[in-house]
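Subject: Structure handover

Dear colleague,

Here is the structure we spoke about, with its sequence. Please look it over before reading the notes.

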Amino acid sequence: MVSAVVIGAGIGGIAAAARLARAGYQVTVLEKGSHPGGRVAVIEKDGYRFDTGPTLFLMPEVFAETFAALGERMEDYLDLVRLDPTYRVHFHDDSTLDLTSDMHRMRAQLDRMEPGSFESFARFVAEGYRHYHISLDRFVGRNFYSLLEFFSPANLPLLFKLKALIKHSANTARYFRDPRLRAAFSFQNMYLGLSPYDAPATFSLLQYTELVDGVWFPRGGLYKVIEALVGIAEGHGVRFRYDTPVAQIEVAGARASGVRLADGRRIAADVVIANADLPYVYSDLLPDDGSARKLAGKKYTSSALMFYWGVRGERSPELLHHNVFLADHRYKESFDRIFRDLSLPDEPSFYVNAPARTDPSFAPPDGDALMVLVPAGHLDERRPQDWLALRDRARETVINRLEALGVKDLANRIVVEETMGPLEYRRALNLAKGAAFGLSHNFAQIGYLRPHNRHPRYRNLYFAGASTHPGTGLPIVLLSAKLTVERILKEQDVPQGVTVPVGGHAMERA
Ligand SMILES: Cc1cc2nc3c(=O)[nH]c(=O)nc-3n(C[C@H](O)[C@H](O)[C@H](O)COP(=O)(O)OP(=O)(O)OC[C@H]3O[C@@H](n4cnc5c(N)ncnc54)[C@H](O)[C@@H]3O)c2cc1C
């Protein structure tokens, strides 16, 4: 039987392992942490529960495709609830916009903010529809094996049609005059850890998919997705080994022969898939050939200062399940502070997740569970930051703004508190530079221009995850797993012999 080792049990590693096992491989997943999921995790404390990472379940058809490819039906595993309004956007002048698929309500809200803007919105969403389908069919949902394929005569006009060379912020400005609306239809880039002043206008596909395909919530939380996929993978014979950090990928000539664990044991495999963050794999797990330095010079997404608050007392009616608080009129400067200065804006924008409104099991009956995400810069030794001080400042800003909104006496009602930030992302998950979403998605880092899902030299070493093709976000990482496995089955269908290096520990088989 052909064997594969997967380094990392993030959603990309789990999905790739399950697909390969279903195709007949003997698969072992090695995870440094004590549980699967990576960035998708849960904190449970004193009756409060928090999804630590993703909270927006977007592009449900991509999730459904993964379940179907594994011989299962998503609806047998996930109890999905559609959230509408998708979220409430709060502006600095205390006005709000509820993004909803109810078009009458959208029209009333938009035309109040900028007369005639509903028509612009309709055109904007129609453009997002084109971007979504062209991107998925022609760029995101397929492998590129050469630069010529990416810039082929058939693709070039599409790149223009997708506005891949126009910035999202500039494009939004063509549709809306009111700065609040420009912000409301561009901040979604932050889901991908990008500045709208850098992201391609292609990403108007996000607003389309949110409003048309919907923002969903799996009852019980996002971790239900991980539990479901791990169960299915195990059913196909995948072995998960936790608390098992990989220290090195062993290579011989043009092939990877297996991995060496931190405790010195070695595991041989015909195929190695690295789900751990790609720049980290090059810098820490592979022999130095100069690639790691080049990767370090690429653009990275933002990081995030995270707060998980168990709040005693009433569930504030001012908060919906998803809430976004946008910075003041210095919106552009706030992105410069994150992406240029790698710090925290003076007046940060932030996101609050309050899932107990949809699923009361997230908090005790007399309490509320709030997760707060404040985008901040990633780590860079040339721009060191006092992360503890920045965290305290972010905390104060959020509490003040929520109290001003009407969440009474919040500071004194927090009875459970956990935090995370760039240092933890680097330490706990090996995310390069503590960048919460991995490598960035500017034009020079997408499609064939993004680090490939197979190592250029070691021809049986593959990557699946947020920093390889196609990119970050749960559904996109599921596509990454799909594309990587498709490529493995195309390139490695003949079982290969493994060169077992001599010396050191004896080799186990994966
Ligand atoms: C705060 C936050 C909010 C987000 N919100 C959303 C959202 O709402 N919707 C959405 O779709 N996406 C969201 N994302 C993005 C999404 O979480 C990621 O794109 C996705 O989870 C990445 O999955 P992955 O498999 O690539 O990597 P990871 O989840 O990082 O998994 C990699 C795994 O590799 C393991 N590992 C690393 N090094 C080693 C080693 N040496 N040996 C063994 N194991 C190792 C790690 O422990 C980890 O478990 C969010 C991310 C964050 C951080």
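The notes below cover the ligand site and then the salt bridges.

This is a predicted model, in which local features need pLDDT of at least 70 and side-chain atom pairs count only at pLDDT 80 or more, while totals for chains, interfaces and linings use all residues. Residues are numbered from 1 along each chain as its sequence is written, and side-chain values use heavy atoms, with hydrogens and water left out.

Ligand site

There are 38 residues around the ligand, of which Glu-31, Arg-39, Tyr-280, Gly-473 and Leu-474 come nearest; a residue is near if one of its heavy atoms lies within 4 Å. By type, the shell divides into 22 nonpolar, 13 polar and 3 charged residues. Here nonpolar covers Ala, Val, Leu, Ile, Met, Phe, Trp, Tyr, Cys and Pro, charged covers Asp, Glu, Lys and Arg, and the others, Gly among them, are polar.

Helices H1 (11–22), H16 (422–429) and H17 (474–491) each supply at least two residues of this shell, and H17 gives the most, with 3 residues. Helices are DSSP runs (H or I, at least four residues), numbered from the N terminus.

A backbone N or O atom of Gly-473 is 2.8 Å from a ligand oxygen, a polar backbone atom of Val-246 is 3.0 Å from a ligand nitrogen, and one of Ile-11 is 3.3 Å from a ligand oxygen. The protein buries 97% of the 1,000 Å² that the ligand exposes when taken alone (Shrake-Rupley method, 1.4 Å probe).

Salt bridges

The whole structure has 29 salt bridges, each a side-chain nitrogen of Lys or Arg within 4 Å of a carboxyl oxygen of Asp or Glu. For the accessibilities below, buried means under 20% relative accessible area, exposed over 50%, and partly exposed in between (1.4 Å probe, protein chains only).

- Arg-105 and Asp-98 pair at 2.7 Å, N to O; Arg-105 is partly exposed at 35%, whereas Asp-98 is buried at 4%.
- Asp-198 and Lys-167 pair at 3.8 Å, N to O. Asp-198 lies in the loop between H8 (179–184) and H9 (205–213) and Lys-167 in the loop between H6 (156–161) and H7 (168–175), so the pair ties together parts 31 residues apart in sequence. Asp-198 is partly exposed at 23%, and Lys-167 is partly exposed at 36%.
- Asp-380 and Arg-382 pair at 2.9 Å, N to O; Asp-380 is buried at 12%, and Arg-382 is exposed at 67%.

Salt bridges with shared partners also join Lys-332, Asp-336, Arg-337, Arg-340, Asp-341 and Asp-346 into one network.

Regards

Definitions and conventions. A polar contact is a pair of N or O atoms within 3.5 Å; within protein, one must be able to donate a hydrogen and the other to accept it, and residues adjacent in sequence count only if both atoms are side-chain atoms.
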